[in-house]
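User: I am new to this structure and would be grateful for a close look at a single part of it.

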Amino acid sequence: MFGAGGGTSSYREVEETDVIILWGSNARETHPIFFHHVLRGVHQGARLFAVDPRRTSSAEWADIWLGLDVGTDISLANAMANEIIHAGLANMEFIERATAGFEEYRRTVERYPLERAERETGVPAAAIKEVAHAYARADRAQICWTLGITEHHNAVDNVLALINLALLTGHVGRYGSGLNPLRGQNNVQGGGDMGAIPNKLPGFQDVEDPEKRSKFERAWNCTIPPKRGWHLSQMFEAMERGDLVTLYVIGENPAQSEADQKRALHLLAGLEHLVVQDIFLTRTAQMAHVVLPAAAGWCESEGTVTSSERRVQRVRKALEPPKGARDDIEIICELARRLGHDWGTPTAERVWEEVRGLSPMHTGMSYRRLEELGGIQWPCPDENHPGSQFIHGRLWENPVQGPRAPFSAVEQEPPVDELSEEFPIRLTTGRRLDSFNTGVQTGGYSSPLREGEWLRISPEDGARYGLADGELACASSRRGSVQVAVRYDPSCRPGLAFMTLHFPDETATNVLTIDATDPKSGTAEFKASAIRIEKLPIPAGSTSR
Amino acid sequence: MDIKVAGPAASAEEMAAVDGLLGPPLSGWQGGVQSPLDQRVAFGGRAVRAQRHLLLPGLHAIQDRVGWISEGALDYLCARLTIPPADAYGVASGYALLSLEPRPPLTVHVCDDIACLGAGAERLCGELEQRLGPEGKRAGPSGGPATWLRSPCLGLCDRAPAALVQKAGIPARRFETALTPASSQEIVALVEGRLSGLEGAESVPQAGDPGLRLLRRIGVADPEDLDSYRAAGGYSALRRAFELEPDAVIREVTDSKLLGRGGAAFPTGRKWEAVAKSTVRPRYLVCNADESEPGTFKDRVVMEADPFAVVEAMTIAGYAAGCEKGYLYVRGEYPLARRRIEHAIRQATDRGLLGQDILGRGVSFDIEVRRGGGAYICGEETALFNSIEGKRGEPRNKPPFPVQSGLFGKPTLVNNVETLINILDIVVDGGRAFAATGTPDSTGTRLFCLSGAVGRPGLYEVPMGTTLRQLIDLAGGFRGKLQALLLGGAAGNFVTGAQLDLPLTFEATRAAGVTLGSGVVMAFDESIDLQAIVLRIARFFRDESCGQCVPCRVGTVRQEEALIRLVSGRVLGSRERETALLADVNQAMRDASICGLGQTAGSAVESAIRLGLFTPNGGKAR
């Protein structure tokens with residue numbers, strides 16, 4: 001945000017803050033380690049608020065849970081802003097000194113009185129008001145979010161709506177106050193930092209900025225395409241058009257993780273050449289023309305990872321990879337050599353030294369310092385710099401150095417997959433504590449918590465559709481149908497259903513989901529599909545899984 | 001959190017019991033009726049979790065109302081307090097008076113502990129088995145709504161054998177009462193509804209003796225009347241304390257050289273000063289009235305017969321140490337003491353002697369009574385804190401000591417009942433005057449609980465330094481021919497007739513390798529099977545070990561097993577090997593247990609073996 005793609009605060013600050021809003025995040029299950037930091041904060045006196053359509057196990061810890069309708073986050077955030085402004089709780093001094101675009105933002109949120117938000121979100125106005133006041137009045141406050149915010153067709157707008165709240169109240173750039181997207185893997189942050197996104201070179205340097213690009217061209221002695229590449233959803237569109245015929249997949253399983261799975265499988269099957277580099281023979285790998293067995297990043301190779309708090313940490317090799325599997329660097333360099341470019345056989349540290357030379361925010365992070373300091377948080381511009389516990393501190397300098405932080409007026413937009421008489425149930429998807437994504441890395445291990453896939457519905461809906469707890473049913477969206485047993489779950493209200501994507505081989509949840517994607521982030525709206533639930537014609541009785 | 005509730009729902013009666021304590025539930029998420037609003041918003045979090053300390057009172061409320069705690073009732077209480085049921089189950093199952101299995105509403109707890117064992121408890125249990133059926137089974141008319149259970153010491157040793165009767169039901173119908181001395185006829189009459197319980201008389205044989213200090217109001221002042229207490233000099237100490245102000249009160253306590261009477265003999269003044277000097281707020285005062293040491297009943301008699309003294313002394317302690325709130329944790333087996341104390345607190349509050357602005361001096365102090373659930377370990381101060389906080393009654397590691405981090409993690413002054421009532425005279429007469437009684441290192445008087453083979457069992461007060469022989473003489477001498485005395489309680493030691501000239505002071509007992517402990521003096525004549533007594537002590541510790549730390553959890557079991565082998569003659573190896581094993585186990589418990597229970601669990605057993613009281617010839621069987 002404001003040009004840096006990372007959470008603004010450190011975990012330590014979450015422990016020492018006064019208010020924590022978990023917005024679209026069931027961190028108790030999906031970020032269990034981060035949630036320990038949240039709990040420490042709670043035990044030290046922080047108030048916790050949870051914004052989530054379901055009353056999740058995270059929400060059970062909250063002082064107040066706001067059970068909004070799926071996809072109404074902007075309405076809620078704008079109404080909170082409106083309330084904060086009208087109650088005189090906006091930090092006007094900060095707004096005037098450090099931000100831009102407040103007037104337009106104010107005019108926009110003016111159209112979101114509490115009554116409108118209550119109507120659109122379903123959450124009582126009084127509860128919205130209480131959370132708004134608690135956030136605005138807090139000395140320190142954190143907003144933390146995950147896929148409940150970003151897996152929407154208007155993901156970026158959702159994020160901007162939360163950033164606006166922080167700007168409005170001055171809850172960013174100070175110790176203990178910040179905005180934190182929680183990353184789903186130990187190195188999602190690092191992947192982005194290293195440039196594994198379509199529009200950035202390592203260190204978040206814009207590929208369309210000629211100055212930045214030419215620096216890399218000089219270092220690499222080559223020409224870099226001046227336009228941003230495709231993100232994942234655009235790649236599938238390109239496959240559909242026939243523009244993309246060769247795909248090289250590293251550590252992803254799009255055959256099962258993509259929304260509208262039927263379409264994804266069809267397009268992957270139509271590729272001329274599919275290469276998959278992975279530590280498992282995933283469903284995608286099974287479709288590949290060439291599979292490159294890779295070493296496991298966390299135990300069979302050297303390198304670094306970067307956590308959600310921007311901390312770069314060393315990873316050390318503990319085991320030799322199994323016969324035939326090779327380190328990612330080795331595979332890529334060997335591939336380059338066979339394509340006619342000799343990059344030699346660099347070590348992980350040699351590659352890292354190159355990163356340090358080209359990415360100013362990593363320049364101060366030698367392997368020696370990373371070891372000595374137990375990891376360093378970027379930005380760390382030189383070898384005397386201790387790293388940055390929180391970022392955007394410049395916004396509190398007077399006068400502000402560099403550009404002002406912009407408000408972005410955003411409007412509420414409903415999910416693309418509309419509810420109708422034919423598809424009256426809102427299905428939202430997510431994750432559970434016992435499994436990870438498509439189960440590639442967790443399915444092989446047993447867990448006493450793992451219960452397989454269920455369509456979780458409210459007991460009221462179970463009664464309405466004549467479905468007993470545990471009964472096999474048919475769930476259909478505009479894109480396809482799956483058979484899945486229902487489970488009564490009081491965390492879902494009537495009209496709301498929940499599934500995971502953990503067991504794609506047994507239950508292809510993503511047959512139901514919609515691939516309506518955010519044009520800016522490329523993320524599909526996994527969180528909002530419209531489905532109907534039907535009793536199976538043949539009495540199936542209770543499944544015994 | 002992570003509350004998973006799967007069992008049957010609570011009954012209306014169970015919910016009413018919980019709601020009576022906590023008020024009605026605010027939402028469906030807290031166990032109430034689901035409303036449409038519940039699907040959109042839920043309140044909870046810290047405000048609800050902060051009520052965890054109401055877990056044990058909630059469990060009592062259910063037990064009192066229904067007679068046992070069903071899965072549904074436990075789930076409902078957990079939903080109300082946001083406690084995982086498995087966690088609450090772990091708490092509830094640690095208390096003997098709470099039942100997680102169906103139990104009839106009328107329960108008779110029959111003491112079969114050491115004092116009662118010597119007074120025919122086994123015969124009584126045998127009769128009950130014949131007339132009512134086996135222990136723990138439903139008994140009474142047509143398999144009726146009653147049962148009887150064996151119990152550890154009920155603190156009624158001077159009137160042995162003893163029983164405690166509990167009848168669950170709505171407030172108007174329930175009762176708790178002691179039966180002393182208990183007979184099978186009376187118990188059967190109770191079970192059949194022909195008798196509703198009798199409280200025996202308080203046993204203070206010295207009552208009215210002008211030389212008494214701690215016991216001087218007993219039998220003189222009406223324990224249920226504040227005016228009567230004031231007429232007997234009550235509340236002059238609190239006035240004096242307000243005149244002195246906190247620092248001077250603490251100075252008097254320090255000058256008195258009063259040592260704690262709970263068993264550890266720590267200088268009371270030093271404890272008060274440490275809490276008073278703390279900068280952390282709030283601070284708490286805890287009166288430890290969880291008297292559970294077998295053979296001990298002094299705190300019970302004081303609370304039953306002179307409850308205002310305890311309340312006044314707590315008020316002074318709270319004032320001096322700067323504590324905002326006091327908790328009195330009273331043993332679950334002491335219903336009369338609890339009622340009297342609660343009544344005294346109400347009267348004192350009504351008269352402005354507790355609450356806001358006491359006596360118009362701008363001082364605020366409140367006392368809350370907390371009721372134990374039948375767990376010896378909760379007499380250990382840190383286990384007692386955990387019990388109040390709604391956690392399992394398990395001791396904490398020390399340090400940090402309670403004066404730094406005690407109840408709710410705050411500085412806490414914890415004193416037992418006898419220690420506290422000494423404060424009254426110290427404040428009125430001054431610390432030096434108090435120290436004139438007794439010996440230089442053991443000042444003041446001391447309460448002793450005499451039971452067993454003595455002429456007049458009961459509670460006695462004598463100056464420190466009185467010899468054991470003088471004390472026995474005061475109680476009318478021995479009945480029959482003395483075999484041994486148990487001094488200090490089950491965690492104390494056996495002594496023989498050769499040690500009767502031992503002066504009863506901290507220093508003299510320490511030098512003799514024994515302890516005053518909780519003031520127990522229990523005499524056994526030659527008719528008593530001492531092996532059975534020693535076995536009962538070993539069983540007591542095995543039962544009461546909280547199981548948290550290994551030396552005690554394993555050691556108390558090994559100790560009992562070895563003793564059983566010795567009694568039965570089926571020894572492993574030889575008798576010498578068994579006694580060496582006992583010594584070894586005892587050493588491990590003493591060295592490595594984190595609390596006093598494990599550290600002293602082998603003391604009495606070891607002394608019995610050392611004195612030859614536990615050899616085939618030594619234990620003179622009847």
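In which loop of chain B is Pro282(B) found?

Analyst: This is a predicted model, in which local features need pLDDT of at least 70, side-chain atom pairs count only at pLDDT 80 or more, and totals for chains, interfaces and linings use all residues. Residues are numbered from 1 along each chain as its sequence is written, while chains are lettered from A and ligands numbered from 1 in the order in which they are written.

Pro282(B) is found in the loop that runs between helix H12 (268-277) and strand E6 (284-289) of chain B. Helices (H or I, at least four residues) and strands (E, at least two) are DSSP runs, numbered from the N terminus. The peptide bond leading from Arg281(B) into Pro282(B) is cis, and its omega is near -10°. Most peptide bonds are trans, and most residues other than glycine have a negative phi.

Chain B has another cis peptide bond, between Lys398(B) and Pro399(B), with omega about -5°. Pro399(B) also belongs to a loop, the one between helix H16 (381-388) and strand E10 (412-416) of chain B.

A further backbone feature of chain B concerns phi. Glu245(B) is not a glycine, yet its phi is positive, about 75°. Glu245(B) sits in the loop between helix H10 (236-244) and helix H11 (246-256). Glu245(B) counts as exposed, with 11 C-beta neighbours inside 10 Å; a residue is buried if 20 or more other C-beta atoms lie within 10 Å of its own, exposed if 12 or fewer, and partly exposed in between, with C-beta atoms placed from the backbone.
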